[in-house]
Amino acid sequence: MTGAEGRRATIGRALREAAARLAASSDSPDLDAQLLLAEVLGLERAGLLARLADALPTVAAEPFAAFIDRRVAGEPVAYLLGRAWFHGLSFAVSPAVLIPRPETELMVDWGLAWLAERERTLPAPRMLDVGTGSGAIIVALAHAWRERFPAAAGLPEPRWTAVDLSAAALAMARENARQLVEEAVIDLRHADLWPGGSAEAAAGPTVPATYDLVLANLPYVGTDEVDLLAPDVRDHEPHQALFAGPDGLDCIRRLIAGLPERLAAGGAVGLEVGWTQAEEVATLLAEALPGSAVEVRRDLAGIGRLVVAETRELR
Ligand SMILES: C[S@@+](CC[C@H](N)C(=O)[O-])C[C@H]1O[C@@H](n2cnc3c(N)ncnc32)[C@H](O)[C@@H]1O
């Protein structure tokens with residue numbers, strides 16, 4: 001490279017300079033810079049990397065610098081892009097919703113396997129996603145179910161219901177349902193844990209009284225643990241999606257208390273938990289659902305992340 005080329009405002013040079021600025025505040029400075037410049041230029045990341053020697057278009061310099069400033073200040077890349085990948089799908093996200101995490105894909109895979117095993121014996125199972133946020137779990141599950149059992153297979157589709165306490169989150173879930181499956185296929189409800197309660201904005205069609213499959217990734221960070229969170233998370237993600245009382249279990253305990261009434265005989269529940277909570281939640285589930293098979297499933301990091309309970313046909 002000649003001295004003149006080295007100083008030229010190329011895409012490669014813009015990326016190197018941005019990554020150097022991000023090094024102190026991000027765990028993935030190169031990737032962040034690439035994703036943000038690709039967004040500014042309207043390119044895929046692979047396309048961007050194939051153009052490192054091209055001149056950086058003048059009009060791109062300012063919006064890219066503005067993105068980097070915001071990222072240096074801690075805004076997560078997903079909020080800057082307005083999108084996050086989850087279970088192979090691109091979800092719209094905003095600061096009103098938690099950015100879906102890869103470890104939550106474990107719950108989608110387990111839920112899909114549970115539904116698929118019963119595809120002939122349990123027609124149109126009633127499935128509920130509690131604390132749906134961006135809709136990540138239920139939209140990914142409905143999408144995967146439709147891929148596995150296309151309409152041509154003639155199987156009745158599960159009845160999909162999801163709730164959130166945040167109206168802004170529900171709007172985002174609705175947008176993702178519209179983009180990735182079909183808006184009308186998921187019944188989205190504004191409710192405190194269980195649909196049909198007093199927090200619902202308007203009386204719509206009736207919701208099921210009981211559910212065959214309940215999945216929930218509710219807030220589980222303790223207010224005692226606030227200092228352990230990464231600043232990106234603590235300062236930018238919605239606190240209603242993160243915190244649940246001093247030990248983080250307030251929401252999960254309340255949900256478990258409702259299970260004996262709301263979970264159908266033969267039904268199952270899957271709860272995502274924090275890294276220290278699996279054993280305690282497994283005990284709570286065993287007490288609430290006597291005779292059920294309770295199991296802790298680990299994520300790729302070996303952390304007990306998903307606690308599941310399957311009840312007997314007759315309870
Ligand atoms: C940890 S986020 C999970 C979002 C999404 N399910 C995911 O996995 O990406 C928890 C969600 O639960 C919602 N939430 C908190 N308390 C709730 C409650 N009592 N009833 C219903 N939803 C609640 C929050 O608004 C937030 O959207």
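Modeller: Terms first. Helices (H or I, at least four residues) and strands (E, at least two) are DSSP runs, numbered from the N terminus. Two strands pair if DSSP finds at least two bridges between them. This is a predicted model: local features need pLDDT of at least 70, side-chain atom pairs count only at pLDDT 80 or more, and totals for chains, interfaces and linings use all residues. Residues are numbered from 1 along each chain as its sequence is written, and side-chain values use heavy atoms, with hydrogens and water left out.

Biologist: Fine. What is the strand order in the open sheet?
Modeller: The order is β5-β4-β3-β6-β7-β9-β8. That makes an open sheet of 7 strands with mixed pairing.

Biologist: Which strands stand at the edges?
Modeller: β5 (186-190) and β8 (293-298). Each has a single partner strand, so one side of each has no neighbour in the sheet. The twist averages 15 degrees from one strand to the next. Axes here are lines fitted to C-alpha atoms, for helices over the stretch in contact, and angles run from 0 to 180 degrees between N-to-C directions.

Biologist: How do β7 and β9 run, parallel or antiparallel?
Modeller: Antiparallel. 5 bridges join β7 (residues 263-272) to β9 (residues 304-310). Val269 stands opposite Ala309 in β9.

Biologist: What does helix α13 touch?
Modeller: Helix α13 (residues 278-288) packs on the sheet and touches β7, β8 and β9. Contact means heavy atoms within 4.5 Å. The direction of α13 makes about 10 degrees with that of β9.

Biologist: Now β3. Which strands does it pair with?
Modeller: β3 (residues 126-130) pairs with β4 in the parallel sense over 5 bridges. β3 also pairs with β6 (residues 211-216), again in the parallel sense, over 4 bridges. On the β4 side, Arg126 stands opposite Arg159, and Leu128 stands opposite Thr161. On the β6 side, Val130 has Ala216 as its bridge partner.

Biologist: How many residues of β3 are buried?
Modeller: 4 of the 5, so β3 is largely enclosed by the rest of the structure. Buried means under 20% relative accessible area, exposed over 50%, partly exposed in between (1.4 Å probe, protein chains only). β4 is mostly covered, with 5 of its 6 residues buried.

Biologist: And where does the chain go from β4?
Modeller: β4 and β5 run parallel, joined by 5 bridges. Trp160 has Ile186 in β5 as its bridge partner. The chain crosses from β4 through α9 to β5, and this β-α-β crossover is right-handed. That is, with the strands pointing away from the viewer, the path from the first strand over the helix to the second runs clockwise.

Biologist: Switching to the ligand. Which residues come nearest?
Modeller: Gly131, Asp164, Asp192, Leu193 and Asn217, of the 20 residues around the ligand. A residue is near a molecule or strand if one of its heavy atoms lies within 4 Å of it.
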